[in-house]
Amino acid sequence: MAHLGKGLIAAALIAAAASAPAQADAVSDFYTGKRVNFIIASGAGGGYDSYGRMLARHWGNHIPGKPSIISRNMPGAAGLQMTNYMYNKGKRDGSEVGITYNTLVIEPLIGNPGAKFDSLKLSWLGSMGKQQNICVTWHTSPIKTLDQARAKKDMVVSATGATGNSATMPRIFNALLGTHFKVIQGYSTTGQRLALERGEVEGICGLSYSTLLASNPDWIIKKQLNILAQVGLQKHPDMPDVPMALDMIADPTKRSVLEMLLIPQEMGRPILAPPGLPADRLAALRTAFDATMKDPKFLSEAKRAKLLIEPLTGAEMDSLLKKAASYPGEIVTEAAKMVGKPPKGVFVSCSKYTQLAKRCSSPKKKKKKS
């Protein structure tokens, strides 16, 4: 019997060893000569587009069969259009992948009716970098600390859309840290920063530090910003002396609310595919992503472009989402209130506020029905 047992074990090991190359060959056969669509949830330019296109240039070299990866943009509804497409209509064979906004990953959990997807079922492949947000004023501003910002009534900050970090972060600070931010929304990305630089607004709360390093590095190098606070689960190594928002909250319930809302920042530049991918292709895409994050050519290009690379694996992203889903109902409800419909008086339209309306985003014209 013992001899028989050893024989069965040996046979199983041989079979397992034989199956691994067979699976690799199957993945290679599928991808050889293929084009993989890489869909970017933002418009051209900006952080997500830059990160996404850079990944697309290198990722295919590490996927078995070395497919060509073709990037295209699918902006709309702050990333919801692309993410809904990926979940409901995306090809589930591994030939469509993409990058979406990190802020969307908990939207289904907090009851956003526009989020037509289940974050826990999407195929998460990895993330290229965290999204450490910062609250800032211009260096000439008298507001140089968060305590001074708390004392200022109706401190005006600029924002792009109503669901972006620069719109939701001020509301979270108002609720949890006693600030009185008044959000002027509707700026273009460039207009938002020009408004800060020229003193039209007093600050921005919810700037991505990694994007800022790529788009306005001189602001950091020349110390043209007063960084009031950083918003993340851990301190950024570049900002050891800047206080963390989490450390300013003593109440355990409020702290848990902020922790839940910060989980998306850890998933800063999330790469995903539709749910239900074949297991061998999902594993191959994840392995190839991890290898790309260590590729010297990829890292060299990222360094030249001043794009920070702080990768997460697909498995780590799954764990973060499970953690977000594990918070009790009262924490989720409070989190939903903070990023849901804002109270009156918090938001003011950019076009009604500024004399230079060209800094505001142009409203999209509705197509006439034929």
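Is Tyr-48 buried or exposed? At 9% relative accessibility, Tyr-48 counts as buried, where buried stands for under 20% relative accessible area, exposed for over 50% and partly exposed for the range in between (1.4 Å probe, protein chains only). The model is predicted: local features need pLDDT of at least 70, side-chain atom pairs count only at pLDDT 80 or more, and totals for chains, interfaces and linings use all residues. Residues are numbered from 1 along each chain as its sequence is written, and side-chain values use heavy atoms, with hydrogens and water left out.

**Figure 1. Overview of the protein chain.**
The secondary structure comprises 14 helices and twelve strands; helices (H or I, at least four residues) and strands (E, at least two) are DSSP runs, numbered from the N terminus. Of the 370 residues, 48% count as buried. Among contacts with a separation of 6 or more, 80% are between residues 24 or more positions apart, a contact being heavy atoms within 4.5 Å.

**Figure 2. The open sheet of six strands.**
The strand order is S2-S1-S3-S10-S4-S11, and the pairing is mixed; two strands pair if DSSP finds at least two bridges between them. Strand S2 (68-73) and strand S11 (312-313) are at the edges with a single partner strand each, so one side of each has no neighbour in the sheet. Strand S1 (residues 35-40) runs parallel to S2 and is joined to it by six bridges. Within this pairing, Phe-38 stands opposite Ser-71 in S2. Phe-38 also belongs to an aromatic cluster with Trp-59 and Phe-289.

**Figure 3**
The order here is S8-S5-S9, with antiparallel pairing. Strand S8 (204-208) and strand S9 (225-231) form the edges; each has a single partner strand, so one side of each lacks a neighbour in the sheet. From one strand to the next the twist averages 35°. Helix H5 (residues 165-177) packs on the sheet and touches S5, S8 and S9, and its direction makes about 130° with that of S8. Axes are lines fitted to C-alpha atoms, for helices over the stretch in contact, and angles run from 0 to 180 degrees between N-to-C directions.

**Figure 3. Pairing of strands S5 and S8.**
Strand S5 (residues 133-138) is joined to S8 by four bridges, and the two run antiparallel. Ile-134 stands opposite Leu-207 in S8, while Asn-133 has Ser-208 as its bridge partner in S8. Five of the five residues of S8 are buried, so S8 is largely enclosed by the rest of the structure.

**Figure 4. Surroundings of Gln-230.**
Gln-230 is in strand S9 and is buried, with a relative accessible area of 0%. Its side chain reaches the backbone oxygen of Met-239 at 2.9 Å. Apart from neighbours within four places in sequence, the residues in contact with Gln-230 include Gln-132, Asn-133, Ile-134, His-236 and Val-242.

**Figure 5. The polar contact of Glu-200.**
Glu-200 is in the loop between helix H6 (189-197) and S8. Its relative accessible area of 19% makes Glu-200 buried. The side chains of Glu-200 and Tyr-187 are joined by a polar contact of 2.5 Å. A polar contact is a pair of N or O atoms within 3.5 Å; within protein, one must be able to donate a hydrogen and the other to accept it, and residues adjacent in sequence count only if both atoms are side-chain atoms.

Six aromatic pairs are found in a search of the whole structure. Rings of Phe, Tyr and Trp (its six-membered ring) pair if their centres lie within 6.5 Å; planes under 30 degrees apart count as stacked, over 60 as edge-to-face and the rest as tilted. Phe-30 and Tyr-31 form an edge-to-face pair, at 4.9 Å centre to centre with 80° between the planes. Phe-30 is buried at a relative accessible area of 12%, and Tyr-31 is buried at 0%. The charged end of Lys-34 sits over the ring of Phe-30, 4.2 Å from its centre. Arg-281 lies over the face of Phe-30, at 3.7 Å from the ring centre. The criterion is NZ of Lys or CZ of Arg within 6 Å of the ring centre and within 35 degrees of the ring normal.
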